[in-house]
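Subject: Structure for your review

Dear colleague,

I am handing over the structure that we talked about, and below it you will find a summary of what was found. Please read the summary with the model open beside it.

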Amino acid sequence: MESQASSSSVDGVEVTAPVSEEFAQILTPEALKFVKTLHMEFKEMRKMLLKRREDRQKEFDSGKLPDFGPGRDTLWGIGYTVTTVPRDLRDRRVEITGPAGDRKMVINALNSGANVYMADLEDSQSPTWEQVSQAQVNLRDAVNGTIKFTSPEGKEYALNEKTATLIVRPRGLHLNEEHVRVNGEPVAACLFDLGLYVHQNGRKLREKTTNPYLYIPKMESALEARFWERVVTRAEEYMVFPKQSIKVTALIETLPAAFEMDDILYALRDHIVGLNCGRWDYIFSYIKKLRNHPQFVLPDRSEVTMDKAFLAAYVNLLIKTCHRRGAYAIGGMSAFIPVRNDEKANATAFEKVRADKEREVKMGHDGTWVAHPGLVPLAKEVFDAGMKGRNQLTVMRDDVKVTRDDMLRVPEGKITEAGVRANISVGLQYLESWLGGKGCVPINNLMEDAATAEISRAQLWQWAKHGASLADGRKVTAQMLKPMIAEEVSKLSSRAAADEHKKRIARAGELFESMVTAQEFPEFLTIPAYRVLIEEGQ
């Protein structure tokens, strides 16, 4: 049975989508009042920050390159360290991630043996109202220890006595929650996600001697860090929590943010405990921010690896910056998922994962990310061997001397037809699934989220924009890409049984083609794709 929350719940607040009886227990008048408070107090600052993103992009497009600001040298001369790290965040050697809207996945992640579970409301979750609602229900039940799931086969899932520390990632600053409006204006998705989670779970978490912990996505500047600092501080005040009780970790997954890491730590110093290398989104941001500069065209995605060029510089600088300020430096994602009944493929993939995690621990990272419980033991084994204590904060990396040129250096490699087609295939498969309500998608034995689709379509746009040369000498053009996209759409459609599936594939093809052949670069794939969800009543 469904009930309908409406503007009568809180003056000026309207929920335009059906609210299940279970979600109504979370979407209470008191919770909506808190969301409204955050919206009213921070909407103008958010608009200013989004406008500033546009203005900076225009500067980049016109020829200016990202660079370290004057605050870097000034702040490095100040002897500050970040806030005290709470007991249950002091050992973060293995973190697992996954969508909060998948009940079984939430249970498995919390039971995985990882130190931390990042319950994702962002890139690995399609923001259908059903998923947004279910995620908040799952989080409540996880915090209360009552979350259970029964599979269609009758298998029961419930929490172990010992579980991973919970951190929640709200959606990014640029996204709206169109189903919830204050005085007719959609609320910021980040404030809706944060507001509901903190309001409905904060006190229970504190009863359990922990607190609400957050992962902050897609920041682009220290000014945006100040926005989050003020939001978190206001949440503490509203909920009458002690100061500095809500802790945050920030993903450094945009090119401008990488040039302001010290400034970001300083802005969030009363609440932040670490930075994370959001490497897939970082590649996407590199392409997006430098899109008008032909000298920054990247090779095939498979050749853009963490040990080379701009990625290696950014990771080294992140570790040095974090440890200088007493903050944890968390490594990047391993997206591999084990393959049943293929020991040879698994052995090859596990060795690649092992090499990646060994590289991270040797560089000085304090932890790493995995996407599947099957990788937790391997990641723990590597970090147990290479990190004898709870962290590596004493590894100061004074050897790191990173310049702007290092941060922008293009890795060597070729652009191939195979690389073009791989981007088309992965992008279409992911987008079709996302439109169907699933944002965490297994493709080619990897667990992909929106970041992979963003890189895929961004590379295609970049190559066509600059007429990049393939290894065989042909130029990449929109005229080349269109029939390739049509071929892949036809291939996927031929394997689809249901008409609904075929319809989503066709819609994904239209949307994907429009984005990779557009005159102007679309900032985020998820914004026009979200409009499709809204049009279809999701």
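A nonpolar core is taken here as a set of buried Ala, Val, Leu, Ile, Met, Phe, Trp, Tyr and Cys residues joined through side-chain atoms within 4.5 Å, where buried means under 20% relative accessible area, exposed means over 50%, and partly exposed lies in between, with a 1.4 Å probe and protein chains only. Please keep in mind that this is a predicted model, in which local features need pLDDT of at least 70 and side-chain atom pairs count only at pLDDT 80 or more, while totals for chains, interfaces and linings use all residues. Residues are numbered from 1 along each chain as its sequence is written, and side-chain values use heavy atoms, with hydrogens and water left out.

The cores

The largest nonpolar core has 108 residues, and those with the most contacts inside it are Phe-227, Tyr-314 and Met-407. Helix H11 (residues 309-324) gives the most to this core, contributing 9 residues; helices (H or I, at least four residues) and strands (E, at least two) are DSSP runs, numbered from the N terminus. A second, separate core has 37 residues, among them Val-420, Val-426, Ala-508 and Leu-511. As a general point, nonpolar side chains in soluble globular proteins tend to be buried together.

Contact here means heavy atoms within 4.5 Å. With its neighbours within four places in sequence left aside, Phe-227 is in contact with Phe-42, Met-45, Arg-46, Leu-49, Leu-173, Cys-190 and Leu-191.

The antiparallel sheet

Three strands form an open sheet in the order S2-S9-S10, with antiparallel pairing, and two strands are said to pair if DSSP finds at least two bridges between them. The edge strands are S2 and S10, each of which pairs on one side only. On average, neighbouring strands of this sheet are turned by 55 degrees against each other, direction ignored; axes are lines fitted to C-alpha atoms, for helices over the stretch in contact, and angles run from 0 to 180 degrees between N-to-C directions.

Strand S2 (residues 13-15) is joined to strand S9 (residues 176-182) by 3 bridges, with Val-180 in S9 as the bridge partner of Val-15 and Arg-181 in S9 as that of Glu-14. Helix H6 (residues 189-207) packs on the sheet and touches S9 and S10, its direction making about 60 degrees with that of S10. S9 also pairs with strand S10 (residues 185-188) over 4 bridges, and Glu-177 has Val-187 in S10 as its bridge partner. The hairpin of S9 and S10 has 2 residues between the strands, and in this hairpin Asn-183 takes a positive phi near 50 degrees.

His-174 counts as buried because its relative accessibility is 12%, and, apart from neighbours within four places in sequence, its contacts are Arg-46, Leu-50, Arg-53, Lys-218, Phe-524, Thr-526 and Ile-527.

Within helix H6 lies Gly-202, which counts as buried because its relative accessible area is 0%. Setting aside neighbours within four places in sequence, Gly-202 is in contact with Tyr-197, Pro-212 and Phe-241.

The parallel strands around S15

Strand S15 (residues 367-370) is joined to strand S4 (residues 94-99) by 3 bridges, the two running parallel, and Ile-96 stands opposite Val-370 in S15. Strand S14 (residues 328-334) pairs with S15 in the parallel sense, again over 3 bridges, with Met-333 standing opposite Trp-369. In a regular strand the side chains alternate between the two faces of the sheet. From S15, Gly-367 and Trp-369 point one way and Thr-368 and Val-370 the other way, and all are buried.

Cysteines

With a disulfide defined as a pair of cysteine sulfur atoms within 2.5 Å, the count comes to 0 disulfides. Cys-277 is in no disulfide, and the nearest cysteine sulfur, that of Cys-322, is 7.8 Å away. Cys-277 counts as buried because its relative accessibility is 3%, and Cys-190 is likewise buried, with a relative accessible area of 0%.

With best wishes
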